Amino acid sequence: MPEMPEVEIIRRYLDKMVQGQQIMSVDIVLPRMIKWPEPEKFRLLVTGQRIESMARRGKYLLMELTGGREVVFHLRMTGRLVYEPEGVNHDSHARVIFKLGNGASLVYGDTRTLGTIHGLQAGERWRLKGLSEMGPEPLSDDFTAEYLQGVAQKRKGAIKSFLLNQKYISGIGNIYADEALFLAGIHPQRPANMLTETECRKLAAAVNEVIAAGIADGGTTFRDYQNGAGGKGGHQEHLYAYGRTGQPCRKCGTPMERITVGGRGTHFCPQCQE
């Protein structure tokens, strides 16, 4: 699933390509991708509107339209939103196609159709609980070591599961949680409320570091992630923990291990992470 860095890369590219463009029509190839409102009302909501900007909140990609309307994309496992210039063939798994005034298209493709699309009027974000109740983002002023410690000390579950809970910190998924815990030297099964003040400071700094690195490298691609131009990211070449089971730790040389924490595959170094 694309995480905060991947969605941010998509946002930055698409914002340059579609800002100011008018949506001339919407081809809804697979109606069930539209979760709100019903497909025909969705078409009426967005057709003729001008795209003010592409925004992001956590892992959600937001197409901001005139009058405060917005289209909210949650890409989930295999979703992608790609800008296709005029004359370019559409994604073979295109589900919804926004045709723009310049002849280009903004194409939502999704192989496994697990993603979601919502069309909202101004002030309607409450319809998406995951969006309206989201915690602060890494790299923001609200995400501090003090904030992290304050919420973590109330949770007895594993710190890995805590990091994945979007209510506490938005935008972190499996890849960047493993990477942050590795850099902070914290075992993924440690109870969140057992972290010391020093460990919380290390973890907050590590979260910011891995998110910033993921953005700088254009995101992480293993299978399905594509940026807004349909290309791949490069951060997979620089990972410390995720997907490195059995390979030597980049710090101490100990073989990396894989366990399951909260139902999620988790990669760590048994020597460096306590």
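Two strands count as paired here if DSSP finds at least two bridges between them, and strands (E, at least two residues) and helices (H or I, at least four) are DSSP runs numbered from the N terminus. The model is predicted, so to speak, throughout: local features need pLDDT of at least 70, side-chain atom pairs count only at pLDDT 80 or more, and totals for chains, interfaces and linings use all residues. Residues are numbered from 1 along each chain as its sequence is written, and side-chain values use heavy atoms, with hydrogens and water left out.

**View 1. The open sheet.** Five strands line up as β2-β9-β5-β4-β3, with mixed pairing. At the edges sit β2 (34-36) and β3 (51-57), each pairing on one side only. From one strand to the next, the twist averages 25°.

**View 2. The β2-β9 pair.** Here β2 runs parallel to β9 (residues 116-120), over 2 bridges. I34 has I117 of β9 as its bridge partner.

**View 3. Helices α6 and α7.** The axes of α6 (residues 174-184) and α7 (residues 197-216) come within 8 Å and cross at roughly 130°. The contact includes Y176 and L183 of α6 along with L203 and I211 of α7.

Definitions and conventions. Axes fitted to C-alpha atoms, helices over the stretch in contact; angles between N-to-C directions. Contact = heavy atoms within 4.5 Å.
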